[in-house]
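Have the viewer open as you read.

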Amino acid sequence: MPHTRVLVLFSGGQDSATCLAWALDRYEHVETVGFDYGQRHRVELEVRLRFLDQLKARFPHWAVRLGTDHVLQLPTLGQLSDTALTADKAIEFEASGLPNTFVPGRNLLFFTYAAALAYRRGLSVLVGGMCETDYSGYPDCRDDTLKALQVALGLGLDTRLVIETPLMWIDKAATWRLAHELGGGALVHLVRDCTHTCYLGDHATRHDWGYGCGSCPACELRARGWAQFTTAGP
């Protein structure tokens with residue numbers, strides 16, 4: 001494979017955790033990066049470390065491929081935005097049709113910072129869990145957006161840089177199924193028990209699909225995908 005050194009945008013959620021396993025299954029050297037931007041659900045920053053520890057313990061053949069974990073501070077993103085992900089406010093839809101959980105420019109900044117880090121670390125592939133099949137409609141998750149960003153980053157850094165989005169065209173049930181294909185029931189259980197998706201930051205309430213409030217858009221997507229996955233089987 002031409003590209004063997006990879007940086008995974010790993011938030012600590014179901015999607016990015018599945019993408020991390022996907023990358024470890026394919027590439028020789030995989031590093032991870034998370035972002036602290038004043039998010040309301042900042043418990044994900046704690047969860048992601050527990051997931052990494054458990055992943056290395058339960059999957060030693062992946063542990064040898066897993067490199068440095070990075071956390072970048074982006075406080076200005078939280079200061080610039082007025083959203084339900086960065087402030088204590090009710091989740092609702094805006095006049096644009098988007099939920100107010102949309103943090104403008106978030107993925108654009110994440111990939112830009114990740115690309116700068118990758119450039120310094122000699123990593124040529126960026127992997128993200130963005131999806132436009134089963135999602136909240138965020139424009140910076142769309143395939144066209146990320147294809148354009150890949151071109152811009154490659155030109156701006158004057159290097160060959162590839163953005164991989166393995167979940168782009170699959171729904172949440174298929175994401176659970178992909179985790180099972182990669183690591184069997186052990187990985188499915190690890191993703192279920194050691195990742196965080198809830199927008200409200202509830203990591204105390206336990207459901208059969210994992211932890212969360214159970215009512216925010218992220219929890220609803222995760223719960224529906226789990227129900228479809230467990231009903232149909234892997």
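## A strand on the inside

Four of the five residues of strand β1 (residues 5-9) are buried, so β1 is largely enclosed by the rest of the structure. Buried here means under 20% relative accessible area, exposed means over 50%, and partly exposed is in between (1.4 Å probe, protein chains only). Helices (H or I, at least four residues) and strands (E, at least two) are DSSP runs, numbered from the N terminus.

A word on the ground rules: this is a predicted model, where local features need pLDDT of at least 70, side-chain atom pairs count only at pLDDT 80 or more, and totals for chains, interfaces and linings use all residues. Residues are numbered from 1 along each chain as its sequence is written, and side-chain values use heavy atoms, with hydrogens and water left out.

| β2 (residues 29-36) | parallel | five | Val 8 and Thr 32 |

Now look at Leu 20, which lies in α1. Leu 20 is buried, with a relative accessible area of 0%. Setting aside neighbours within four places in sequence, Leu 20 is in contact (heavy atoms within 4.5 Å) with Val 8, Phe 10, Val 30, Thr 32, Phe 51, Leu 52, Leu 55 and Leu 66.

Leu 20 also belongs to the largest nonpolar core, which has 64 residues. Such a core is a set of buried Ala, Val, Leu, Ile, Met, Phe, Trp, Tyr and Cys residues joined through side-chain atoms within 4.5 Å. Leu 20, Phe 51, Leu 55, Phe 111, Leu 126 and Leu 187 touch the most other members. Helix α7 (residues 172-194) gives this core its largest share, nine residues.

And the cysteines? There are zero disulfides, meaning pairs of cysteine sulfur atoms within 2.5 Å. The sulfur of Cys 213 is 3.6 Å from its closest cysteine sulfur, in Cys 198, which is too far for a bond.

Technical notes
Two strands pair if DSSP finds at least two bridges between them.
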